[in-house]
Amino acid sequence: MSSETAYRKVDRSGRANQEPVPYLKRDIAERICDFEEVILGYDGELAEDEASRCMQCPDPQPCTLSCPAGNDIPEALWLTSQGKYVEAALVFAATSPLPEVCGRVCPNLCQQGCVLGKRYGAVSIGKLEAFVSDVAREAGALTIKVPEQKTGKHVAVVGSGPAGITVAEDMIKLGHEVTVYESWPEAGGVLVYGIPAFKLDKRVVGYKIQDLRDAGVTFITNTRVGQDIMVEDLQHEYDAVFLGTGAGIEATMSIPGEDLDGVWKSTDYLVRANVKEAYRPEDKKVVPDVGKRVAIIGGGDTAVDCARSSIRLGAEEVTIVYRRTEAEMPGNKSERYICVEEGTQINYLQAPVEYIGDENGRVKAMKVIKMELGEPDASGRRRPITIEGSEFIQEVDTVVLAVGYWPDPLLGDKTENLATHNWGLILADEAVGATTREGVFAAGDNVHGPDLVITAVASAHKAASSMAAYLEGKSIALPTPKPRRKK
Ligand SMILES: Cc1cc2nc3c(=O)[nH]c(=O)nc-3n(C[C@H](O)[C@H](O)[C@H](O)COP(=O)(O)OP(=O)(O)OC[C@H]3O[C@@H](n4cnc5c(N)ncnc54)[C@H](O)[C@@H]3O)c2cc1C
């Protein structure tokens, strides 16, 4: 927060009574026919009006406190309201390497802190962040500045998602040499190989990767660390290693029929549906032929993305099947609303127990059981309990499983002294990102489990700062290994 923000005088009661300025969205009939971005957001005039609703709360400002990256939101919104879009974007960029991305896909934790939330609605901070960042991008103002004097230290970053991008940027800005290893053919992690283009235009991710390349970062793709090259090898070649490998292994429900044709796992499905052919590996070139009726199993952001992709792939009836109620549903509410608006039906308190195939081994139906809610489980959400004898048959042409993700256990299994826990999460001190192997740091979904772009960014900043200290010769306390929990 700038000192000016703390004392900025505005007409707070006037602002509290200003209604939110709606942002622009494409028409439903048009947008469901393609994979282009749905949210058009704000233009300059609308952005200034919306930013002028910000109350410029005195310190401590709840929006900034609610943003995991600690973005100075009041300052950025003040500049936006004054028409200083590039300056506003640079305020966001000071604490987040991905303002154009977060403006588009963040569930806006900051908005949950906005004091106007209980009145007419929080200021649309995310849409304003996207608008000013796009203006700054156009103006060439988002390039990464690197020092002329290099430190002579070399850093390897494994994984090119939000966590890897954050560490690569933080390290190159300090004058270290950075090489990023990535197993997919293109860099970007889930931003490319997960989040659909109708939420996040892939050009936005491409600009960021190009910024990093221009700043001197080297990308080595199609390389799986732990298989093609070991962490130990990287430690011989580099002064420090960062693991930002995400949580990309999909959970299944282990019910009969999951291996039938037409039953997809979410990443495979989303990659084939959304990622342009040149970026897809050879085994993912074929786009799913979804038929008329698609059922998505699960209830989070991934399920919603799969449902919206199915509509764009030509399905006529798309159903999300979720075992709890809307109150327990994880993920972004406004994206869910858009999904329903586009024609998806959500069947609550139901779960499949079997997929049934035709004579060619392709799914044609699923047996579904109804559920009711019992006592809260370890997650605090009420546990779904099956209702005996309530099974029924739902005809389907395609099923997509979107029931959760786990980290790949490969690195933990193949790297000596790299402790993992809870089915593959890398054991790291989240405040500093140090793992149990000296000189190896980790952050993002592979440490805290599947979460959000902004939480990966925030934790990766901390790991980068510890790596920087380590490269200066300071000692970093390693976490104590915990016993591995069995599944
Ligand atoms: C379908 C989907 C939709 C989502 N929607 C949203 C959303 O709308 N908003 C939001 O905030 N968050 C969303 N998320 C979550 C968000 O994308 C993740 O929390 C975030 O990407 C985590 O960043 P990360 O860098 O830790 O991991 P990732 O983005 O998963 O990146 C990890 C990278 O490491 C690579 N890698 C893994 N193992 C190796 C290895 N051994 N060697 C080399 N490379 C390796 C992977 O290929 C991957 O590119 C979504 C996630 C999914 C799956």
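**A predicted model and its ligand shell**

Colleague: From which domains does the shell around the ligand draw at least three residues each?

Modeller: In this predicted model, the chain is assigned domain 1 (3-138), domain 2 (154-248 + 406-471) and domain 3 (252-403). The domains that each give at least three residues to the shell around the ligand are domain 2 and domain 3.

Colleague: Which residues are the closest to the ligand?

Modeller: The ligand is surrounded by 41 residues. By class, 18 of the shell residues are nonpolar, 15 are polar and eight are charged. The closest are Gly159, Gly161, Gly189, Gly246 and Gly444.

Colleague: Which helices each supply at least two residues of the shell around the ligand?

Modeller: Helix H15 covers residues 301-312 and helix H17 covers residues 410-414, and both are among the suppliers. Two further helices, spanning 162-173 and 453-471, complete the group. The helices are therefore H15, H17, H11 and H19.

Colleague: How many residues does the contact between domain 2 and domain 3 take from each of them?

Modeller: The centres of domain 2 and domain 3, taken over C-alpha atoms, are separated by 29 Å. In the contact, domain 2 gives ten residues, and the number from domain 3 is ten.

Colleague: Which classes make up the side of domain 2 that touches domain 3?

Modeller: That side of domain 2 has one charged and two polar residues. The remaining class there, with seven residues, is nonpolar.

Colleague: Is strand S9 mostly covered or mostly open, and how many of its residues are buried?

Modeller: Strand S9 runs over residues 293-297. It is mostly covered, and the number of its five residues that are buried is four.

Colleague: With which strand does S9 pair over five bridges?

Modeller: S9 pairs in the parallel sense with strand S16 (residues 398-401), but over four bridges; in that pair isoleucine 297 stands opposite leucine 401. In the other pairing, valine 294 stands opposite valine 318. The partner over five bridges, also in the parallel sense, is strand S10.

Colleague: Through which helix does the chain cross from S9 to S10?

Modeller: The path from S9 to S10 forms a β-α-β crossover, and the crossover is right-handed. The helix it passes through is H15.

Colleague: Why does asparagine 108 count as buried?

Modeller: Asparagine 108 lies in the loop between helix H8 (99-105) and H9, and it has a positive phi of about 60° although it is not a glycine. The cut-off for a buried residue is 20 or more other C-beta atoms within 10 Å. Asparagine 108 counts as buried because its number of C-beta neighbours inside 10 Å is 24.

Colleague: Is the peptide bond from aspartate 59 to proline 60 cis or trans?

Modeller: Proline 60 is found in the loop between helix H4 (44-51) and helix H5 (62-66). The omega of the bond from aspartate 59 to proline 60 is near 0°, and the bond is cis.

Notes. Residues numbered from 1 in each chain as written. Predicted model: local features only at pLDDT ≥ 70, side-chain atom pairs only at ≥ 80, totals over all residues. Near = placed C-beta within 6 Å. Nonpolar A, V, L, I, M, F, W, Y, C, P; charged D, E, K, R; others polar. Domains from an automatic or database assignment. Contact = placed C-beta atoms within 7 Å. Buried ≥ 20, exposed ≤ 12 C-beta atoms within 10 Å, placed from the backbone. Pairing = 2+ DSSP bridges. Right-handed = clockwise from strand over helix to strand, strands pointing away.
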